[in-house]
Amino acid sequence: MTEWHESDDFWTEMAPFMFTEERWAGTPAEVDQIEALLDLGGPAAVLDLGCGPGRHALEFARRGYVVTGVDRTAVYLAEARRRARDAGLEVTWIEADLRTFHAGQPFDLVLNLYTAFGYFEPPDQNLAVLRNALEALRPGGRLVLELAGKEILARIFRERSWVQNEAGVIMVEERKVERDWSMMNNLWIKLDGERRQEYRFSHWIYSAAELRAMLGAVGFATVDIYGDMQGRPYDQEATRLVAVARKA
């Protein structure tokens, strides 16, 4: 049975809601925040794991970084290649599973953004992604993980919600927390006129302490936790869980 994250149909149908024009327009500001948070001193080698259609990878390339983007969804990589070509940018795009991808060169920075972590049912497979990220870094290099933290999800949790895009397509989302607040099960219903599509998927959710422990367990030397990309504390006002892990 195909896992939800291996379904090209899911990623294709959900793209208009996940990668809106507003989200694309906000990407430069997000990269500004990453550069400031890490105090990046200049162009470096960047690996974007779970790059999707290339939002962050393309922006880093635009700023002179040497960028590699990795994703398992061919349609997203095709979109990323088209955008790179139209913008005259050079990016290496690789179609691969993050559980088995091994970089052939060392990177200064590895990114895993926009909750692109925790998809795999056996917990050790998610640890494998972190090990591969560590392996891809040169000594002193850093991994940036950005996701929805468990504490934040508990604070803002809504069992049901819906949104309508500019094309009039409606997305209804239903959520259920399971396994003692370890996993979020989701039902997304897409209503486009008389066309109705349903997608069920689940992913692990992590607290700051759990994520810190996982990063330490695979060998990262230090882990700093923040409540957003601007480096605010991870407290009751945090909007995202951001972990910056350094390789010894």
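This passage looks at a four-stranded sheet and at the surroundings of lysine 150 in a predicted model. Residues are numbered from 1 along each chain as its sequence is written. Local features need pLDDT of at least 70, side-chain atom pairs count only at pLDDT 80 or more, totals for chains, interfaces and linings use all residues, and side-chain values use heavy atoms, with hydrogens and water left out.

The open sheet has 4 strands in the order S6-S7-S8-S9, with antiparallel pairing; strands are DSSP runs of E with at least two residues, helices runs of H or I with at least four, numbered from the N terminus, and two strands pair if DSSP finds at least two bridges between them. Strands S6 (160-164) and S9 (195-204) form the edges, each pairing on one side only. Strand S8 (residues 183-192) is joined to S9 by 10 bridges, and methionine 183 has tryptophan 204 of S9 as its bridge partner.

Turning to lysine 150, this residue belongs to helix H7 (residues 150-156). Lysine 150 is buried, with a relative accessible area of 13% (buried means under 20%, exposed over 50%, partly exposed in between, with a 1.4 Å probe and protein chains only).
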